[in-house]
Amino acid sequence: MKAIVATGYGSPDVLRLKEVDKPTPDAHELLVRVHTTTVVAGDSRIRSSTYTRFGLLMRLGLGIRRPRKTIPGNEFSGVVEAVGSDVTRFRVGDHVFGVLWGIAFAGANAEYVCVPDDGMVVIRPTGISHQQAAALPVGALCALHFLRRSGIHGGQRILIHGASGSVGTYAVQLARHFGAHVTAVCGPDSVELVQSLGAERVLDYTKVDYSIAGRRAGP
Ligand SMILES: NC(=O)c1ccc[n+]([C@@H]2O[C@H](COP(=O)([O-])OP(=O)(O)OC[C@H]3O[C@@H](n4cnc5c(N)ncnc54)[C@H](OP(=O)(O)O)[C@@H]3O)[C@@H](O)[C@H]2O)c1
C-alpha cells in the first residue's frame, strides 16, 4: 500500500509517499481502507521535533535520529475491508471513521489502517462526508474532554483561545451547547467563522491582548 513516511525530523520535505507493507488485522481488529485522513497539530510537532518542554525525553521516546514509527496521521474515514475473527461490532463494507491515538505517529496517513474493534471507531452517519468525518475526532474529543474537566456549566463565561482551530471550533460549539457565554480569540481572517459558531464576543489576537482585556471568566 502507499503511505506517507517521515524519513527524519524536519520540514515537510522529510515526508515521502512510499510503498509499505499493508497491515493485517488480528482477531480483534478491522482493516479499514482509508478514504480521507488529516494532518493535526501534533503530527507537525512530532515531524518538526519542536517541543517547548521535554524535548530530549520526547526524542528518547519517539526515536533519536528519526521517528521510530514513521507513518503520521491520527484521523481517518473509510470503509471496512476485512474484520478479524472475533470482531462483532463491524462488518465488511461498513463506512466508519475514527482516530488512532498515541504520542507517536499513529499511522493513519496511509491507504489502510488496522483499528481495534473496541477503539475509537464508529459508523459514519450518512449525513456527513468522509472529509467532514475525518476532520472531527481529535478536535472534538479534545474540546469535549477539556471542557468537561473544567466543570463547564450553563451561564458560565468562558474564554476560548485558538477558537478558529481544530480544537477551538469544536470548543466554541460545545461550550455553547453546555449553555456557556463564549468569548473567543482568533486571527482577523477567522472572526466571521467563529461568530457563526456561536461566540458572543470575538477578540482578534493581532489587535487585543486577551490577558489584559479586562474581563474575567466566571461565575
Ligand atoms: N493535549 C492534546 O491532546 C491536544 C490535542 C490536540 C491539540 N492540542 C494542542 O492544542 C493546540 C491547538 O491545536 P489545534 O489542532 O486546534 O491547532 P490549529 O488547528 O492549528 O489552530 C491554531 C489556533 O491558534 C490560533 N493562533 C495562531 N497564531 C496565534 C497567535 N499568535 N496568538 C493567538 N492565537 C493564535 C489560530 O488562529 P487563526 O487561524 O485564526 O490565526 C487557531 O485558532 C496546539 O498547541 C495543539 O498541539 C493538544
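A residue counts as buried here if 20 or more other C-beta atoms lie within 10 Å of its own, as exposed if 12 or fewer do, and as partly exposed in between, with C-beta atoms placed from the backbone. I start with one residue that this applies to. Cys 186 has 25 C-beta neighbours inside 10 Å, so it counts as buried.

Before going on, two remarks on the source. This is a predicted model, in which local features need pLDDT of at least 70 and side-chain atom pairs count only at pLDDT 80 or more, while totals for chains, interfaces and linings use all residues. Residues are numbered from 1 along each chain as its sequence is written.

Back to Cys 186, which sits in strand S9. Helices and strands are DSSP runs numbered from the N terminus, with at least four residues of H or I for a helix and at least two of E for a strand. Which residues does Cys 186 touch, not counting those up to four places away in sequence? They are Ala 163, Ser 164, Val 191, Val 194, Val 202 and Tyr 205. Contact is taken as C-beta atoms, placed from the backbone, within 7 Å. Gly 84 is 102 residues from Cys 186 along the chain, and their C-alpha atoms are separated by 45 Å.

Now the whole protein. It has six helices and 10 strands, and 35% of its 219 residues count as buried. The C-alpha trace spans about 55 × 40 × 30 Å along its principal axes. Taking contacts between residues at least 6 apart in sequence, 66% join residues at least 24 apart. The domain assignment gives domain 1 (2–134) and domain 2 (137–212); such bounds come from an automatic or database assignment. The C-alpha centres of the two domains lie 27 Å apart.

Next, the ligand. Its shell draws at least three residues from each of domain 1 and domain 2. There are 19 residues around the ligand, and Gly 162, Gly 165, Ser 166, Gly 187 and Ser 190 come nearest.

Helix H1 has Asp 43, Ile 46 and Arg 47 buried. Why do the buried residues of H1 line one face of the helix? Seen down the axis, they fall within an arc of 100°, so they line one face; the arc is that of the directions from the helix axis to the C-beta atoms. They pack against strand S1 (2–6) and helix H2 (55–62).

Just after H1 comes Ser 49, in the loop between H1 and H2. Most residues other than glycine have a negative phi. Is Ser 49 buried or partly exposed? With 17 C-beta neighbours inside 10 Å, Ser 49 counts as partly exposed.

Last, the strands. Two strands pair if DSSP finds at least two bridges between them. Strand S3 (residues 29–37) and strand S4 (residues 75–83) pair in the antiparallel sense over seven bridges, and Thr 36 has Ser 77 in S4 as its bridge partner. S4 also runs antiparallel to strand S5 (residues 95–99), with five bridges joining them. There, Phe 76 stands opposite Gly 98 in S5.

Notes
Near = placed C-beta within 6 Å. Contact = placed C-beta atoms within 7 Å.
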